[in-house]
Amino acid sequence: MRLAIMQPYFLPYVGYFQLLAAVDEFVIYDNVKYTKKGWINRNRILVSGKAMTFSLPLAKDSDKLTIGERKLAGEFSADKFLNQFLGAYRKAPYFEHVFPMLEKIVSFEHRNLFEFILNAVRLVADYIGIDTPITVSSSIPLDEALRGEDRVIGICKARGASEYINPIGGQALYSKQDFASHRISLRFIQSRYQEYVQGDNEFVPWLSIVDVLMHNAPESVSHYVYTGYDLV
């Protein structure tokens, strides 16, 4: 059984969904510490030909809280947030297909950060045609003292995984020998660079999945998600 484990990211780049599509089960962390410097609640879209960062505003709270304990800010406005995408993509060829999904994502009733992002991941996956089961990490019995590679291996063993797939950036973090000692194969996924038409603009790569969806037919996105990567 092929497994992946990732933090939740809000409307992440296409590689996140390639990883989701490449495995038999996808574990998503809710019981790890939220980090401000990461991409958990932010990403980038194309505005007037340039990459612009969007972010979900969070309620002020302790830096010690896990992702599952964080909440959106009380002043979060779905309409205001959507206007960023409306202004950026109203002329995009697949705007009429994608914007209704964004409305569902942003109008989600829960204001818990993890639940909000998880719902977005599921809706985008459904749009693309990915049916990989998603498991929340806190539902897996595990020694909470485990950290880093040991924690990943612990989750793999708990789920009966024979193969663990990680983004290519994890090559410096994880050892194939360490995983092999637990009879788990470790491989890394690397997205192939692929340009697409972004209106009259010079191509800007690795933006939010929203940009990919706005400029490409669903079947084209699905094909790239399922085939546009290498496992090393």
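Is Leu 11 buried or exposed? At 2% relative accessibility, Leu 11 counts as buried, where buried means under 20% relative accessible area, exposed over 50%, and partly exposed in between, with a 1.4 Å probe and protein chains only.

Good morning, colleagues. The model is a predicted one, in which local features need pLDDT of at least 70 and side-chain atom pairs count only at pLDDT 80 or more, while totals for chains, interfaces and linings use all residues. Residues are numbered from 1 along each chain as its sequence is written, and side-chain values use heavy atoms, without hydrogens or water.

Let me start with the overall form. The protein has 8 helices and 8 strands; these are DSSP runs, helices being H or I of at least four residues and strands E of at least two, numbered from the N terminus. Its radius of gyration is 18 Å, close to the 17 Å from the globule rule for 232 residues, so the protein is as compact as a globular protein of that length. That radius is taken over C-alpha atoms, and the rule is 2.2 Å times the number of residues to the power 0.38. Of the 232 residues, 50% are buried.

I return to Leu 11, which is placed in the loop between β1 and α1. Its phi is near 50 degrees, a positive value in a residue other than glycine. Most residues other than glycine have a negative phi. Arg 183 also has a positive phi, near 60 degrees. This residue is in the loop between α6 (176-180) and β7 (185-191), and it is exposed, with a relative accessible area of 78%.

Next, the aromatic residues. The structure holds 20 aromatic pairs; rings of Phe, Tyr and Trp (its six-membered ring) pair if their centres lie within 6.5 Å, and planes under 30 degrees apart count as stacked, over 60 as edge-to-face and the rest as tilted. One of them joins Phe 54 and Phe 81 edge-to-face, at 6.0 Å centre to centre and 85 degrees between the planes. Phe 54 lies in strand β4 (residues 50-55) and Phe 81 in helix α2 (residues 78-89), so this pair ties together parts that are 27 residues apart in sequence. Phe 54 is buried at 1% relative accessibility, and Phe 81 is buried at 4%. Ring pairs link both into a cluster with Phe 10, Phe 76, Phe 85, Phe 108 and Phe 116.
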